[in-house]
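Dear colleague,

I am handing over the structure below for your attention.

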Amino acid sequence: MKNLILTLTLIVALLNVAKADLGVPTIQAICKVTLNDSTTIEGIISFGKGGYDYSYRPSGFCLLHENMVYQLILYSFPFVKFTPYSWGDYRSGKSKLFYADNQDAQGGYPMGNYEYNSSDSILTKKTELIEAYKLNDKMILYLSIPFHLYVGADSESILIPVKKILSVDVVSNPSQVWLNKIEEARTKLIEAQKNDAWEDYLEPVWYHEIIGDEKQVTYLKQYFKN
């Protein structure tokens, strides 16, 4: 009987671990965009959307050079301020800038094809990871945090023409205004979950809260493939 109880306890524990394994958390960040007239705009970006497959597929920017050469500059650790005019071809008008919106940003498992060799009973899975980016002439910044904390379609937002961008900087020390917005959103979510907990929910983390934690950044950095 003792062994049976131990076995059942172990099974329950393993099921709980599997249930709790929601992959890597989505990373969101406060971002400051400086325009070429020195105006600054702050908002929220999805720095990297996580998920079950332990792989970040971030958005970012794309420079289209001559001869159809594409250069992706995506959000990742460490993020250095993006200044498009630091490229000579862009300053001279030979390159064009786009906002590269990762179309697989929600995450998911790569497609796989199976081949079975009956002679040696070996099953082979070949996986191909395809990423698609929608190239836009405007960058999106989110201005509000929805009840589930994930910025996106149901957030207030602003579109910024990329041709007006002087620099893009991820903020390590947000103002108290942003800190209050995040805390208020978290408080509302906690209250909402008291009566109806979301068992498959993983709260997004914030760039400014983890950037000082070298161990955590090192861990998350490995899942940025680009």
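In this message, a residue is called buried under 20% relative accessible area, exposed over 50%, and partly exposed in between, with a 1.4 Å probe and protein chains only as cover. Because Met68 has 54% relative accessibility, it counts as exposed.

Please note that this is a predicted model, in which local features need pLDDT of at least 70 and side-chain atom pairs count only at pLDDT 80 or more, while totals for chains, interfaces and linings use all residues. Residues are numbered from 1 along each chain as its sequence is written, and side-chain values use heavy atoms, with hydrogens and water left out.

Overall picture

The protein chain contains five helices and twelve strands; these are DSSP runs numbered from the N terminus, helices being H or I of at least four residues and strands E of at least two. Of its 226 residues, 38% count as buried. The accessible surface of the chain is about 13,900 Å², and 54% of that belongs to carbon and sulfur atoms; such areas come from the Shrake-Rupley method with a 1.4 Å probe, and for residues only the protein chains shown count as cover. Taking contacts (heavy atoms within 4.5 Å) between residues at least 6 apart in sequence, 68% join residues at least 24 apart.

Strand β3 and its partners

Strand β3 covers residues 60-65, and six of its six residues are buried. Two strands are said to pair if DSSP finds at least two bridges between them. On this basis β3 runs antiparallel to strand β4 (residues 69-74), to which six bridges join it. Within that pairing, Gly60 stands opposite Leu74, and the bridge partner of Leu63 is Gln71. The two strands form a hairpin with three residues between them, and Asn67 in the turn has a positive phi of about 65°. Strand β3 also pairs with strand β5 (residues 96-102), again in the antiparallel sense, over five bridges. There, Leu64 stands opposite Lys96.

The loop between β3 and β4 also holds Met68. Together with Tyr70 and Leu135, Met68 makes a nonpolar surface patch of about 310 Å². Patches are made of residues with over 30% relative accessible area and no salt bridge, with like charges joined within 9 Å and nonpolar side chains (Val, Leu, Ile, Met, Phe, Trp, Tyr) within 5 Å.

The nonpolar cores

In soluble globular proteins, nonpolar side chains tend to be buried together. A nonpolar core is here a set of buried Ala, Val, Leu, Ile, Met, Phe, Trp, Tyr and Cys residues joined through side-chain atoms within 4.5 Å. The largest such core has 34 residues, of which Ile27, Val33, Ile45, Phe47, Phe61, Phe77 and Met139 touch the most other members. Two or more residues of this core come from each of β1 (27-35), β2 (40-48), β3, β5, β9 (138-142), β11 (165-170), α4 (207-210) and α5 (214-221). The most is given by β1, with five residues. Apart from this core lies another, of 13 residues, among them Ile30, Ile145, Val171 and Leu189.

Salt bridges

Side chains of opposite charge can pair when their charged atoms come close. Counting a side-chain nitrogen of Lys or Arg within 4 Å of a carboxyl oxygen of Asp or Glu as a salt bridge, a search of the whole structure finds four.

One of them joins Arg57 and Asp53, whose closest N and O atoms are 3.0 Å apart. Arg57 is buried, with a relative accessible area of 2%, and Asp53 counts as buried at 16% relative accessibility.

Another joins Arg186 and Glu209, with the closest N and O atoms 2.8 Å apart. Arg186 lies in helix α3 (residues 176-193) and Glu209 in helix α4, so the pair ties together parts that are 23 residues apart in sequence. Arg186 is buried at 18%, whereas Glu209 is partly exposed at 39%.

Lys194 forms a salt bridge with Glu191, at 2.9 Å between the closest N and O atoms. Here Lys194 is exposed at 57% relative accessibility, and Glu191 is partly exposed at 45%. Finally, salt bridges that share partners join Arg186, Glu203 and Glu209 into one network.

With kind regards
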